[in-house]
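Please go through the structure below by question and answer.

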Amino acid sequence: MASIVFGTLAVIALIVGLVLFLVLRRKPHTRVGAYVSAAFLLLGAGVLAMGSISFASLESAALQTFTPEERAAAVPCNAAVLGAEETSNKLNGRYIWLLRLRVTPQAGSPYEIERTARLTPSMGERLERGNVVLSCLVSPTDPTRIEISALA
């Protein structure tokens, strides 16, 4: 819901800025109005850019899938769900959930990470209740990169 409001405000700011600029730029006594409209244009563009950055950061923190080569080299592990929280952001009709996980590789000590994942409502509710351990794969070179097949 927040992303819809965020995007709508950005588009409105861009439209207002463009209309003001086009109307006021030809009148010499309204040069200040042209500067105000340019500010609206910059504000709208900045808001849209921040929205892109926030979605990009969501994707970078997600439980990414491995390539076949990475999957072959990955180490098996278990991921215990310590907490799951539904965010207000949606991507392709599914809500983004923030997951706190305790990852235990087969050969290594456990560690905790936070990741985002697009989940179906039933999977999100199941993880939210807790006491769920999922099998996963962890990259041997970067322990923060994991893949959980049940969530992919």
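The questions below concern a predicted model.

Q: In what order do the elements of the chain run from the N terminus on?
A: The chain has 4 helices and 5 strands. From the N terminus on, these elements run α-α-α-β-β-β-α-β-β.

Q: What share of contacts in the chain between residues at least 6 apart in sequence join residues at least 24 apart?
A: The chain has 152 residues, of which 31% are buried. For contacts between residues at least 6 apart in sequence, the share joining residues at least 24 apart is 57%.

Q: Which residues form a disulfide?
A: A search of the whole structure finds 1 disulfide. The two sulfur atoms are 2.0 Å apart, and the residues are C77 and C136. The pair links distant parts of the chain, 59 residues apart: C77 in strand β1 and C136 in strand β4.

Q: Is C136 buried or exposed?
A: Buried means under 20% relative accessible area. C77, its disulfide partner, has 4% and is buried. C136 has 5% relative accessibility, so C136 counts as buried.

Q: What is the handedness of the link of C77 and C136?
A: The sulfur atoms of C77 and C136 are 2.0 Å apart. With -135° about the S-S bond, the link is left-handed.

Q: How many residues apart in sequence are the parts tied together by R145 and E70?
A: R145 forms a salt bridge with E70, with the closest N and O atoms 3.0 Å apart. R145 lies in the loop between β4 and β5 and E70 in helix α3, so the parts tied together are apart in sequence by 75 residues.

Q: Which residue meets E147 in a salt bridge, side chain to side chain?
A: The N to O distance in this salt bridge is 2.9 Å, and the partner of E147 is R71. E147 lies in strand β5 and the partner in helix α3, so the pair ties together parts that are 76 residues apart in sequence. E147 counts as buried because its relative accessibility is 7%. At 35% relative accessibility, the residue that counts as partly exposed is R71.

Q: Is E112 buried or exposed?
A: R102 forms a salt bridge with E112, the closest N and O atoms being 3.3 Å apart. R102 lies in strand β2 and E112 in strand β3, so the pair ties together parts that are 10 residues apart in sequence. R102, at 35% relative accessibility, counts as partly exposed. E112 has 52% relative accessibility, so E112 counts as exposed.

Q: Which residues does L82 touch, not counting residues up to four places away in sequence?
A: L82 lies in strand β1 and counts as partly exposed, at 30% relative accessibility. Its C-alpha atom is separated by 8.3 Å from that of V132, 50 residues apart along the chain. Not counting residues up to four places away in sequence, L82 touches R100, L101, R102 and E112.

Q: How far does the backbone nitrogen of D142 lie from a polar atom of the side chain of S139?
A: S139 is placed in the loop between β4 and β5 and is buried, with a relative accessible area of 12%. Leaving aside neighbours within four places in sequence, S139 is in contact with F66 and R145. From a polar atom of the S139 side chain to the backbone nitrogen of D142 is 3.3 Å.

Q: Which residues make a nonpolar surface patch of about 330 Å²?
A: The chain exposes about 9400 Å², with carbon and sulfur atoms supplying 62% of it. One of the patch residues, I15, lies in helix α1 (residues 2-24). The nonpolar patch is made by V11, I15, V19 and V23.

Methods: Residues numbered from 1 in each chain as written. Predicted model: local features only at pLDDT ≥ 70, side-chain atom pairs only at ≥ 80, totals over all residues. Heavy atoms only, no water. Patch = residues over 30% accessible without salt bridge, like charges linked within 9 Å, V, L, I, M, F, W, Y side chains within 5 Å. Areas by Shrake-Rupley, 256 points an atom, 1.4 Å probe, with all protein chains shown as cover. Salt bridge = Lys/Arg side-chain N within 4 Å of Asp/Glu carboxyl O. Helix = DSSP H or I, 4+ residues; strand = E, 2+ residues; numbered from the N terminus. Buried < 20%, exposed > 50% of the residue type's maximum accessible area, 1.4 Å probe, protein only. Contact = heavy atoms within 4.5 Å. Polar contact = N/O pair within 3.5 Å; in protein donor to acceptor, adjacent residues only side chain to side chain. Disulfide = S-S within 2.5 Å.
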